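Trainee: I'm new to this structure and would like to find my way around. Could we go through it together?
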Amino acid sequence: LDVAIAGDAEPLTVLERDWVRAARRESDPTRRLVRVVRHTTEIAARTAPIKEVIRDAAATESSMRDLLHRDDERRRLTQRALVDMILADRPPSGPAVARQAADTFSALVTSDAYTLVVVRLGWSMAGWRRWLVRILQREILGGEPAGAPQRHPARGG
């Protein structure tokens, strides 16, 4: 699971990855959001099949239930840090607003969402990302991205 999350066997957490450092250097919060969505959706895609197997095993194995619980907690903490990074230049909005922003991100950017939207509904990965950016732009950053594509996210790659 750790290798699937990271995409390699390097002993680095998600927050220590080059793409996170590059996102931090972005001056525009929308560009930070786009970069984070791109990479976190890749993580969701890589982990979806593994998490499905773990969930099946969790029906009878308490160690697998524990693993899912630990992974969910780690994912939420990581995504909270990523959302805080996206919002870094914004005026402080209070802990409740920051938590809601992180919860919104965590609800939408998951391996389950990937399986539903891309695998079962047949959206393209690019379409799912565009849809996520539009929603997260509105819900986290408070507006529509400039020049956001208006086409249906499931169409066109």
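Mentor: Gladly, and let's begin with a term: helices (H or I, at least four residues) and strands (E, at least two) are DSSP runs, numbered from the N terminus. This is a predicted model, in which local features need pLDDT of at least 70, side-chain atom pairs count only at pLDDT 80 or more, and totals for chains, interfaces and linings use all residues. Residues are numbered from 1 along each chain as its sequence is written, and side-chain values use heavy atoms, with hydrogens and water left out.

Trainee: How many helices does the chain have?
Mentor: Read the elements from the N terminus on, and they run α-α-α-α-α-α-α. The chain has zero strands, and its helices number seven.

Trainee: What percentage of the residues in the chain is buried?
Mentor: Buried means under 20% relative accessible area, exposed over 50%, and partly exposed in between (1.4 Å probe, protein chains only). Of the 157 residues in the chain, the buried share is 43%.

Trainee: Among contacts between residues at least 6 apart in sequence, what share joins residues at least 24 apart?
Mentor: A contact means heavy atoms within 4.5 Å. For the chain, that share is 64%.

Trainee: How many salt bridges does the structure hold?
Mentor: Each one is a side-chain nitrogen of Lys or Arg within 4 Å of a carboxyl oxygen of Asp or Glu. The structure's total is 13.

Trainee: Which helix holds both Arg 21 and Asp 18?
Mentor: Their side chains meet in a salt bridge, at 2.4 Å from N to O. Arg 21 is partly exposed at 37% relative accessible area, while Asp 18 is exposed at 56%. The two are three residues apart, about one turn of the helix, and that helix is H2 (residues 18-25).

Trainee: How many residues apart are Asp 103 and Arg 76?
Mentor: This pair also forms a salt bridge, with 3.0 Å from N to O. It links distant parts of the chain, with Asp 103 in helix H5 (residues 95-108) and Arg 76 in helix H4 (residues 62-86). Asp 103 is partly exposed at 28%, and Arg 76 is partly exposed at 29%. Their separation is 27 residues.

Trainee: Is Glu 26 buried or exposed?
Mentor: Glu 26 forms a salt bridge with Arg 31, their closest N and O atoms being 3.0 Å apart. Arg 31 is partly exposed at 43% relative accessibility. Glu 26 has a relative accessible area of 17%, so it counts as buried.
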